[in-house]
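Subject: The model we talked about

Hi there,

Here is the structure I promised to pass on. Have a look at it first, and then read my notes below.

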Amino acid sequence: MGASIVSFVAAAAVVRQSPRRWRRGGALFCIAIAALTAVVGLVACDVRWYPLSMRGQDLWRLSGTITYSNAAGLLLGMALLLAMDRTLQTRWGSLAIAACASGLVATQSRSVVLATLVAGLWLARRELRNALVPLSLGALAGIVTVANSNGLARRPLELC
């Protein structure tokens with residue numbers, strides 16, 4: 001944990017020295033990678049495709065190419081917060097927010113979801129109103145994916 005904190009502080013110091021367009025490009029690249037990871041991971045959860053999803057507690061969890069659900073959740077949580085930034089909004093911004101939110105829920109990583117919620121309330125209070133619809137739709141898609149990961153789609157009443 002200490003090494004991670006030092007790495008994040010060092011990365012923040014380097015990024016602050018970078019030109020603004022490089023920071024924007026890096027953030028958009030991170031958002032694109034995370035959204036793609038989320039979409040591929042959601043499909044992997046639905047078809048139970050290891051290692052892009054992994055079984056845990058009788059449920060399939062999104063793990064993406066990272067092959068670890070908590071690490072994938074961290075990527076999706078950070079990208080979700082970046083995608084909510086108004087200065088980074090593109091025409092694909094709402095889709096990226098929805099994809100990252102659904103993927104984050106599908107990782108079933110409680111600690112990462114909690115950390116993202118706290119960081120979102122602390123850092124992105126103003127952006128929450130603008131992102132409410134894609135966040136809600138993404139969270140709902142993630143919940144449906146988690147509910148279906150136990151094979152409940154064959155039994156629609158239990159899925160509901």
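Which residues does Ser-109 touch, not counting residues up to four places away in sequence? They are Arg-61, Ser-69 and Asn-70, where contact means heavy atoms within 4.5 Å.

Before I go on, a word on the source: this is a predicted model, in which local features need pLDDT of at least 70 and side-chain atom pairs count only at pLDDT 80 or more, while totals for chains, interfaces and linings use all residues. Residues are numbered from 1 along each chain as its sequence is written, and side-chain values use heavy atoms, with hydrogens and water left out.

**The loop between α4 and α5**

Ser-109 sits in the loop between α4 and α5. (Helices are DSSP runs of H or I with at least four residues, strands are runs of E with at least two, and both are numbered from the N terminus.) Ser-109 is buried, as its relative accessible area is 1%. Here buried means under 20% relative accessible area, exposed means over 50%, and partly exposed is in between, using a 1.4 Å probe and protein chains only. Gln-108 is in the loop between α4 and α5 too, and its relative accessible area of 18% makes Gln-108 buried. Gln-108 also has a positive phi of about 60°, although it is not a glycine.

**The loop between α2 and β1**

Most residues other than glycine have a negative phi, and most peptide bonds are trans. Arg-48, in the loop between α2 and β1 (53-56), has a positive phi near 55°. Arg-48 is partly exposed, at 26% relative accessible area. Its C-alpha lies 6.7 Å from that of Trp-60, a residue 12 places away in sequence. Pro-51 is also found in the loop between α2 and β1, and the peptide bond from Tyr-50 to Pro-51 is cis, with omega near 15°.

**Thr-116 in α5**

Thr-116 belongs to helix α5 (residues 110-123) and is buried, with a relative accessible area of 9%. Beyond four places in sequence, Thr-116 touches Gly-77, Leu-80, Leu-81 and Leu-104. Gly-77 is 39 residues away along the chain, yet the two C-alpha atoms are separated by 5.5 Å.

**The nonpolar core**

The largest nonpolar core has 26 residues, of which Leu-62, Leu-76, Leu-80, Ile-97 and Leu-135 touch the most other members. (Such a core is a set of buried Ala, Val, Leu, Ile, Met, Phe, Trp, Tyr and Cys residues joined through side-chain atoms within 4.5 Å.) The elements giving two or more residues to this core are α2 (20-47), α3 (69-83) and α4 (93-107). Leaving aside neighbours within four places in sequence, Leu-135 is in contact with Leu-80, Met-84, Ile-97, Ala-101 and Leu-128.

**How α2 meets α3**

The axes of α2 and α3 are 9 Å apart, and the helices pack at an angle of about 130°. (Axes are lines fitted to C-alpha atoms, for helices over the stretch in contact, and angles run from 0 to 180 degrees between N-to-C directions.) That makes α2 oblique to α3, because angles under 35 degrees count as roughly parallel, over 145 as roughly antiparallel, 65 to 115 as roughly perpendicular and the rest as oblique. From α2, the contact is made by Ala-27, Cys-30, Ile-31, Ala-34, Thr-37 and Ala-38, and from α3 by Leu-75, Leu-76, Ala-79, Leu-82 and Ala-83.

Best wishes
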